[in-house]
Each structure stands twice: as C-alpha cells, then as structure tokens.
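User: I'm new to this one and would like to go through it slowly. Could you show it to me, and then I'll ask how you know what you say?

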Amino acid sequence: MPVHEITDPDDDRIADYRALTDVELRTRWEPPHGLFIAEGELVLRRALRAGYPARSYLVDAKRVDQLADLDTGYAPVYAATQDVLQRATGFHVHRGVLASFHRRPLPTADEVLAAARRVVLLEDVNNHTNLGAVFRGAAALGIDAVLLSPSCADPLYRRSVRVSMGEVFAMPYAKLDRWPEGLDQVREAGFTVLAMTPAPDAVPIQRLTPAQRERAALLLGAEGPGLTAAAQAASDVRVVLPMRRGVDSLNVAAAAAVAFWELGRDDPPFGGE
C-alpha cells in the first residue's frame, strides 16, 4: 500500500478534507461534488463493505498500519502528522483515520417502500447528531428504511455518519420530494402513517391495533418544534409515548428508539450482525 506523505495542510491533494468543522461550507461542498467523509476505522470499513468507492484516505502517520490489510485500489493513501491533520481539517483527528468516498445515487421513495415492511419518516430533522442516532436506532430495532422530508439534514454528513456508527450505509433511505403531500405516497404503498406527538388526545403507542402496526410508517419531527400541523393532518393516527413525572417529551432520537422497539416487540428474536 503506497503511502504519500503530506506536510502542507493546504496541499490540494487533501482538499476533500479541508475545514471539516465548517458545517455550512461542508454541506455546500459535499453533496454537489458527490462525496462524503467517514471518520474512524470502523466507519470507513463499513462504508467499504456497503460498496461505497473510496476517493482517498487521510491517516495519522502513526496509524498507517491500521489500513495495511485494506485493498485500497486506486484510492491514494495520504499520511500526515497530527499537527498537519488538525490544521487541514480544523479539529484534532483523535480517531486518526479519515476517508473520502464517492456517493451513490439514492433510490426512489417508491423503490425503498416496495422493499420495506416498517419505515420511519423524518420531517425537518436537521440536527446531524439526532439524525445519525435515529439511523442507528432504526438499524438496531427493526426498521427497514428511512424517508426524509426535503429539509432534513444530510445522512452522509460526517457527524451523522459517526454518530450512526456507519449504520447510515446499511439502512436504505430516500427523499420525499413533496411535503407533506409525499405522505400520500407512503399510504398508497400500504403503510399506516403514525405521527408522534405529545398531544394529550393522541393514542398511546402501545394501544395501536395489530392492523395499525402491520405496516407502520412512524413520522417524527425536529427537536423542539416537533411535527408541523400539516404533517399531523396528513397522517392516519397520532400516537404518543406516555410520559411520567411531568416530563413532556424525549429527545427525538430517544423517542424514536422507544417507538421502534414498541412497534417491533412481537417480532421473532434475532441476533446481531
């Protein structure tokens, strides 16, 4: 595995990794250029396993051996000191390994729905940490796919990828271009749209009927504002996680995980990977 030493943080060969902490810059740069960044050895290996082609690798010079078993193909491997890495990326790369990958075309919502039994729908979830956590919970707790409203954050942004532990690569996802009209598309595919809300008149999620659970599309909104009135009106059933001790709601990722478990509690037992 040939390794190319980088001594200048402004070296054009590592332009993919520049200013990784600048969210606005990265979100303007990465999707239009068809790339995303994976941070950490576990995450980059999961990206490779999922079939994403690598563009390049950027590694702490002391950790090059971590990639010794990889078939890096035509993707160059760059190595630099921690000082150069920090000046180039804008943060201390404590995991020591970064990789730039080519994106793949997203499937259509119809394609994703056709292969799924249970899905999660996200409206305006634009916090990358929450988004990554929802993907990880969905992968672990029996959700087959994720559908995003047009204003949701990018699941392949570095922080989302890292928080999901690479599960964004394993979980099929697509965008609903029309919102909330796109919920009709979900319903036409045979799903019951379940809108999560803390409203006192919502149905406790554990009281859903077997028919409502059979092909569930769980709809969640952003942290704080929750679901819009239009999205709730376009749903089939409004559901709530019953709260105690005066707590009115949970973090969206935590609420999603509880709801995922409840919807799948009667599924046959299954193991890990």
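User: Where is Glu30 found?

Analyst: Glu30 sits in the loop between α1 (23-29) and β2 (35-39). Helices (H or I, at least four residues) and strands (E, at least two) are DSSP runs, numbered from the N terminus. Bear in mind that this is a predicted model: local features need pLDDT of at least 70, side-chain atom pairs count only at pLDDT 80 or more, and totals for chains, interfaces and linings use all residues. Residues are numbered from 1 along each chain as its sequence is written, and side-chain values use heavy atoms, with hydrogens and water left out.

User: Why is Glu30 called buried?

Analyst: Buried means under 20% relative accessible area, exposed over 50%, and partly exposed in between (1.4 Å probe, protein chains only). Glu30 has 1% relative accessibility, so Glu30 counts as buried.

User: What is Glu30 in contact with, leaving aside its neighbours within four places in sequence?

Analyst: With those set aside, Glu30 is in contact (heavy atoms within 4.5 Å) with Leu35, Phe36, Ile37, Arg103, Leu156 and Tyr157.

User: Is Arg117 buried or partly exposed?

Analyst: Partly exposed, because its relative accessible area is 37%. Asp267 counts as partly exposed too, at 22%.

User: And Asp11 with Arg13: how far apart are the closest N and O atoms?

Analyst: They are 2.9 Å apart, and Asp11 forms a salt bridge with Arg13. Asp11 is buried, because its relative accessible area is 17%, whereas Arg13 is partly exposed at 42%.

User: How many salt bridges does a search of the whole structure find?

Analyst: It finds 20. Elsewhere, Glu39, Arg95, Arg158 and Arg162 are linked in a network of salt bridges.

User: How do you know that β9 and β12 pair?

Analyst: Two strands pair if DSSP finds at least two bridges between them. Three bridges join β9 (residues 192-196) to β12 (residues 237-240), so the pair meets the rule. These strands run parallel, and Met196 stands opposite Val239 in β12.

Note on methods:
Salt bridge = Lys/Arg side-chain N within 4 Å of Asp/Glu carboxyl O.
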